[in-house]
Each structure stands twice: as structure tokens, then as C-alpha cells.
Amino acid sequence: MGHIERISGPLVIASEMLGSKMYDVVKVGDLGLIGEIIQLKKERAVIQVYEDTTGLRPGEKVESTNAQLSVELAPGLLGNTYDGIQRPLEVLKAKSGSFISRGLTANAIDRNKKWKFYLEKGIKNGSMVKEGDILGYVKETEYLSHYIMVPLGIDGRITGLKEGTFKADDKIAVVEKGNKKTELTLIQKRAVRSPAKFTKKFRSEEPLITGQRVLDLLFPVAKGGTAASPGPFGSGKTVIQHQLAKWSDADIIVLALCGERGNEATEVLTEFPELKDPKTGRPLTERTVIIANTSNMPVAAREASIYTAMTIAEYFRDMGYSVAILADSTSRWAEAMREISARLEEMPGEEGYPAYLPKRLAEYYERSGKIEALSGKIGSITLVGAVSPPGGDLSEPVSQGTLRVVKTFWSLDKSLADSRHFPAINWLNSYSLYLNDLNAWYVKNLGEAFVENRIEVARILQKEAELKDIVQLVGAEALPDAERIVLEIGRMIREDFLRQSAFDEVDAYTSMKKQAFMISSILYFRKRADDAIKSGVDLNSILKLKVREDISRMKETKEHEVDKAAQRIRSEIDSQFSALLKEYKENNR
Amino acid sequence: MKFEIEYSTIENVAGPLVVVGKVRNAQYNEIVKIKLQDGEERLGQVLDTSSTQAIVQVFGPTNGININNTSVSFLGETLSTGVSEGMLGRVFDGQGRPRDTSAGVSYDDKRDINGYPINPVARAYPSEFIETGISAIDGLDTLVRGQKLPIFSSSGLPHNQLAAQVTRQASVKGTNESFAVVFAGIGMTYDDYRYFFDEFKKTGALKNTAAFINLADDPSIERIITPRLALTTAEYLAFDRGMHVLVIMTDMTNYAESLRELSSAREEVPGRRGYPGYMYTDLASLYERAGIIRGKPGSITQLDIVTMPSDDVTHPIPDLTGYITEGQIFMSRELSNRGLYPAIQPLGSLSRLMNNGIGAGKTREDHKGVSDQLYGLYAKAQEARSLSAIVGAEALSESDKRYLKFGEDFENNFLKQGFYERRTIEDTLNIGWDLLSQVPEGELTRVKKEYIEKYYKKNKVAK
């Protein structure tokens, strides 16, 4: 047992700590505040404390738990809300009321709840098992089998395994190896800072379907891929993160609210129980784990929260599920790192961030991916990080370190947000490097036309931007009709397709089928308009066509009416253009 | 028995910091009393403590402190303040001592001024519309109870008037409930202080206000605690006494500058523009004290004033503020120069909690659509303006000319408003429809069709 020698903010230096290891968790002071050793200097240990250190005195005791910072993994994770070091916030509330006081401890997993445990086929007592093997499962929700796996680092002969109803920490089996016997329960622990083992990694060929048109059509992220959305405040980073959490077709969502607003966590907690998972129709909370370490909660726990989220995600991935982590915001994590680093008096790198920042970012994003787990199941982690660059300037170290490793970039644009064009994703600067890998999937599931339409849309938007530069100098009237129609189609794509309201019941989520209908309708209008202009029809009369309003209201189409609407709009386009051509011919006879 | 040991072992005085040697076990954040040789006492707080020394920040000037004749005693507690309902109607200095009269204040309880973080699962999501009577806020960037919505302003702009007007007019729709006001003046000039004091007195708000005033010539380190005193008082009034509290903190820029001063005195590694790397966390520890708690009747709404140095919104102070608060009201020098009080520029302003506080039953069903559409058209008007500056108004297309006219009318009829003019939300939305009706209804794609049928005024499209 050691003693506090010095206290400076979240950092404590303790003496007489010989024998403790790097990253061991320690209890600091008479209150037993939780901390982690981040530096050893002879018999002194430097500790970052996950709670406010106010009131600590030099001389108070410091006790090592001899274990690394780890999380508890078991049935009961889903639907829970934890702080950065996996203390369940509901339990903390029961213990200390509306405000979080200090020195509280709580089990991450409820020990009283009972679960029915079923054995996996082919697993028998006496057989040899190894780490990661699936022993059985618990139906955690109606749709989700929570597989119970042999904890990492354990192998041997299994005995005493039986089906039945268990509490999370009841013994379900024993693994014997030589003289060593390890009791297994439904709970396993994993250290958060090291990636979990797996057999191999693949490239992903399937997109994460998000129901967000600008993402699904133009800038998709693969299941198992990485994406980042840097943008200044007010550009809608958090709304995008929440939309992904609500609507994307991952099996499990891990929401890491890292150093952001308290009310954003509240919003999620208020909304999610009411919303239904588009895949299963069950409340969204049943597939969600929330890690909420808001900006006013201790900064060291904020640094840890990102790893807590990842370790939980890896656990579900190893069961063969597709998991999406939404980290909002990775900049706050980096800032926490910077604050700790400054207190350690490390030599700063760029903008005061530690020199190891890019390495930490890369290591973290690398924990995503589609993998074959030790059990042979295929799972994936998709990682989407929000980045909050100071002043919206992407030349800063966190944005740069992130952009070097992620393959999808959603560039958030202040001027779009100002005009209330949401999602404020700039269609010219953003990119997805997954398009080629995903093409086969699109062709197979949505047909060639979808891929062709994407290319066409990108081309029109690019052309529109070029023409707009000219218009800025000479005015739109100076352009020929064949070019002015491009401006008009560009506007339709932006306003009627890319713009999507997260707050409208119908518009918040758009199925791929509806997306295909919407974009092909706009492009069909374009084709007919081009033809009409070539035949000599005046642009202004095309702009007066009634069907344009129908197109602008396609987003209000309910999902079950898509087929009908598609037919109606196409025939309206046909008949209105035919009438226009007829009229033109009659006038110019 | 508590022993108060006096140490006369000051080793070092630099800026606001005093290093006391031979102290074995001072608490982190412990309060200390510093006694000068002439008997004057000042308060300080432990910033760094070890088994050999303690570094103390002094709330007040360090002049007069010397090495051999000044003594320091450690009080064994962290900084706390008395709280009570009796504080309403009183004015305190930046350290919480009465400044208006010599009459004492009786306190019901004593609270740590740093507070504790609200557990996110204990919060209730803010959703009650506050009618400020100002169209630019109510119509476009609605304030709700429990929100923190700063005013981003610049020197020379009427942010004080705006804050005074909001304080005078704000009420929850359909009720006449007014707010209790907790006012934190941080490094404010005497003139500004008098302005608020007189305004509040005139409108009778003063008896419902607890003010903590640190003037521009008061010690700058005191500014670190002034907002914390105010927020601790606000938390007591809101969550123990069930009041709806409006907290006004002005000016957060002065607060941040004190934070920088302290950081540089401690020789810390500076972040952007010399501000400490932990400024985001520090500001969050203030702003996040706004909100509503489930099962408790009161609320804390914050309206903080941030003046942007050289009108620069990317300066670290407004930038970090914007990342923490739930939107911002952005004041524009251009609008102000054109005489458009209250000079709120909607492009740049935002209320993140708006969607939850508006709509049928709260404001009116068409509110969201009207707001989105006004935003869209005003953005187009700005484009048309810059185009017309290059090619001339004559060369604009019909629709661009319409946008240009819309922009003018929007500014003059919607954004512009009198200091004593109070518009109901219906007035505001009706002005909105007058403006939207200048545009062909087919273009109003951000409004639901049923609302167009209900509210659109036909035959007003400008030719």
C-alpha cells in the first residue's frame, strides 16, 4: 500500500508503490477514488484519477487492485447507460441522487437478474475448449442471442457445464488444465486498452445502410469500415451520429458520448425507448449500449470512455454481430489526453497535444473491421467518429490524424447548416473509399441502375458547382438553356433528395427502395428535360411544369406507397412533357 | 477539535500564486486564509499540494503579501457558499459578500461552489417553450426552459439591451410565471453594472434577482469563483426551492481571460492563443450546470454573454462555448450598423433544443416549417445580394429579384424590433407568413402542404 505524495488536478503521485504495474487500477485516498497508473518512476507511481480529486490530502493511502482497467461483459449490457469506466448511471443515481458524488462503486452487470442459459449444440462436458469458443447462449432480447464464450486466455477440459437459470455471477462450468481450475460464470472481464484477439480480418463488401440519403447514395461506409465527420459547432455532427444510431442496420449500437452535452445523453435516453429498430421492430434500446461521460464529468474517465465503448463492441462482434460504434466526439478524447499529458509535463507536440496522438488515433480506428472471431463467427465493427476541430479548421492535429486513417469522410459545412440544409454534408469535398468494394453488393441488391445513378448524380453536382462559379460573374441569364437546366437539376438533387429532415417522422429514414425511386425520378425528369430542350422547348416552360412540385414532395411518400408514387410520378413526367412538346410543335408549325 | 495552524513559511509569490513551504498535508482545493502583517485577511485556494509544499491561488491582489510577515492558515474545507431564498433582491460582490447594504443575509444551507455533475440519466429533456417576445429568437432559434443559449456578440453591439429585454419579457407561454434571475457580472464595467441595475429596478425584476458583481477593477482571479457562486445559488433556488431560474453571466470572455492569467502564472503549457488546454472542460463545468432534473419542479436556463474578440467566431472563447452550449444567438455588426435592433443574425444563430419546444400544443403546428423556409429563403436572399453586387440588380433573374426583396422585408419586418416591443409567437409566425407569401407557393417545399393551404396568403407574390 502506498501513500499520496502530491495532487495536481486529476493527477496524483503516490510513493511506496513498488511492485505495482503500469495501467493497474488503484484506489486513491480515504474515499477510494478510482484511478489508473500511467507512469512509474522507481517507487513512485503517477496516477490519473477518474473522479474529482478535491479534498484529497498528501499522506492518504493508495491501494492497487493489481488488475488493469477492464469492463464486465455479460447479459444485461444492452439498454444500459454507463459512465466512462462502466459504472451504471442508473445505479449511481439510486446511490447518490441527481448529482454524481465521489467514491461510488457499482457493479456494471446486475447480479440479481436471472437468465436462462442454453447450451450450444455439440458442446459436451469433458471436451476440450479454447478461448473464444461458444458454450451456449442467453436470449437477451427477443431477437438477440447473447453467446457465452470461453474468456480470452483460458483453455482446457470443460466440466460441470449445464443448462439452467442463472444469475450473472453463478458458476456455469469449470475449465480444467493440469491442476488449474477456472470457474466460468456468465460474466467475463476484458482489459479495455488492448484489442481483443481474433482469427483473421477481411475487407468488407457490404454497406452499412443508414436510411440517410446523402450517405447511402453518395458516401457509404462499409460494415466494418471507418468514417469521420469533422465540422464546426452547429454543423450537425451530433444529429448525424444520432441518426446513425437510430436507423443504421447494424445489430448492435454502441454510443460513446465522450465529453459532450448532458442533454444529448438525455435526448437519446428519452427518444430511444420510443423508437423502433427498422430491422426488428423492437425498441431501439434493446440493441444499444450507451457510454455517457459528458463534458462536466471527470476528464480522465473521458479518456477511458472511448476504450470502454470499443471493448464492449468487440465482445458483441466476437459473437458474430455487426456492431457500430458512434464516438461523439473523438476531439474531446484527444483533449483529455492532452490535459493528462500536460500535467505529466511531457514535451508537447502540435498545439499542445502529445506526440503520440496520431498513433493513438490510428490504433483506435484499427480496432474496427470485419473479422473472423476465434469461434469462427464473422462479425464486424463499424466506427464513426465525430471530430470537433477548433474554429472548424481541419488543419489541426486531431482532424489530420483522423483523416489519415479513416476511409469515409463526411465534410460538414457551416454555410449549409446556416441555411438549414441538413445533413450539412458537403457533396463536393466528402468521399468514400469503399465505393469500389461495395459495387458488387449494390448491383446484386439494387441493380446496375443504382450505381449508374450515383455516378450521374456526382457528375451533375460537380458540373453545377462549375456553372455556379460562372453565374457568380455573369448571372444565370447569360447561360444557354442546356446549361441552365443543369443548375436546375442540381438544385433538385440538393433540395429534393440530399436534404433530409431528421425531425420529420417520414423523412427521418428512407429505405434503399425509396431512395432508388427518388433519385431515378429526378434523373428521369432530367432526361426528358434535356430532350425537350434539344427539340427547342424553352426552359422557362419546363420550370413551370406542375410535376416539379410532386418531385419536391417525394420525400413525404410513405414507405408502403413507394411503388404507387413511382408509377404516378413517371407517368406525370411523361404526360406533362408530351403535352409541352405538342404545344411547342403547334406553336411553331 | 479542529486546529488551525498558521504557517509563516511563504517561499514564493508570483502573480496571483503563493507557494507555502513545509506544509505536510494540505487538501487539494482547500481554502486558505492569508493574514497580512497589517491584519488584513484574504482568501485563497490550494491548486497543487504535496508532502512538502502547497501552491495557493489568492482571490484578490497579492500586493502587501511578503515572505516573512504574512501567515497562511488552512481551513480544512473546500470553497463553499451560503444559500437561501433571502439572497433574491440582494447584490453581492465577486466573492459573495453583500455589496448593496451592510445588512447581513441569513443562509439556509452551505454548498460547495464547484457542485457535482448532474447525472445524465437524472436530467429531463428541456421542452418548454420560453416566449421572449423577440421574433428572431422565438421564431427562428427558440429558447426553451433548461437550455444554455449564449449571446455571441462583439464590442459595441447592443447585447446588454438584448439581455435586459429578454429578462423583462421572458415567460413560459400561457403562464405569467416569471423567472428568478441570478446575475453574474464578471469583470464588468461600472457603467454596464448600472445599466442592468437600473433596468431591473425599473421593471421590478430586482426583487427577484440575486446579483454577484465582480467589477472590471476588482481582482481578476476572483472572476474564477464569481460564476460558480452564482450557479451554486441558482442550483439551490431551482432544485431545492423549485424555482425557474434564469442565469445571466456576462462577460464570459473576461472569465476566460482570468483563466488564462492563472494558467500562465502556473507556467502551464498553453493551448490555442495562450488559453489553457483544459479550457473546454472548465467552461463545461459552468455551462453544464444548466438544465432540468426529473422529478424536481425547477429549472436553470442560461443566457450567457460572450463578446468575440475582433468579431471572430473562431476565437477559442466563442468556439469552445459553441461546442458546449445548446446553440447561440449571433449578433451582427452589419445589421447593427444598419440600425436593425436587436441585430440578431439568424444565419449563424442556432437553437439545438428548438425542435423539442415547438409545434402543435407548444407554439403552433407550422412553426418548424416556417422557420426552415425563412432560413432557406434568407440564405437565397444573401446569395442574390452578393450576385447583384457583381452583375447589378438589373441583370438578376425574376426569382433572384424576388429573393432580394424578400431579404429586405425579412430584415425590416421580422428581424427588426423595438426595445419595448413584445410580439407573441402568433404575431411572429404571422409576420413569417406575410413574408413567405411573397414567394410562389410551389417553392415553399420546406413547409407541409396542409399548412400552406391554411396560412399562405394568395396573390401577394411580387411581380
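How are α6(B) and α7(B) oriented to each other? To answer this, start with where the two helices lie. The model is a predicted one. In chain B, helix α6 covers residues 279-287 and helix α7 covers residues 316-324. Their axes come within 10 Å and cross at roughly 55°. The crossing of the two helices is right-handed.

The next step is to find the residues that make the contact. On the side of α6(B) they are M279(B), Y280(B), L283(B), A284(B) and Y287(B). On the side of α7(B) they are P316(B), I317(B), L320(B), T321(B), Y323(B) and I324(B). Sorted by class, ten of the residues in this contact are nonpolar and one is polar, while none is charged.

Chain A contains 16 helices and 26 strands. Its C-alpha trace spans about 100 × 55 × 40 Å along the principal axes. Of the 589 residues in chain A, 60% are buried.

Contacts along the sequence can be looked at too. Taking contacts in chain A between residues at least 6 apart in sequence, 70% join residues at least 24 apart.

Last comes the surface. Chain A exposes about 22,700 Å², and carbon and sulfur atoms supply 50% of that area.

Key. Residues are numbered from 1 along each chain as its sequence is written. Chains are lettered from A and ligands numbered from 1 in the order in which they are written. This is a predicted model: local features need pLDDT of at least 70, side-chain atom pairs count only at pLDDT 80 or more; totals for chains, interfaces and linings use all residues. Side-chain values use heavy atoms; hydrogens and water are left out. Axes are lines fitted to C-alpha atoms, for helices over the stretch in contact, and angles run from 0 to 180 degrees between N-to-C directions. Helices (H or I, at least four residues) and strands (E, at least two) are DSSP runs, numbered from the N terminus. A crossing is left-handed if the near helix is turned anticlockwise from the far one by less than a right angle, and right-handed if clockwise. Contact means heavy atoms within 4.5 Å. Ala, Val, Leu, Ile, Met, Phe, Trp, Tyr, Cys and Pro count as nonpolar, Asp, Glu, Lys and Arg as charged, and the others, Gly among them, as polar. Buried means under 20% relative accessible area, exposed over 50%, partly exposed in between (1.4 Å probe, protein chains only). Accessible areas come from the Shrake-Rupley method with a 1.4 Å probe; for residues, only the protein chains shown count as cover.
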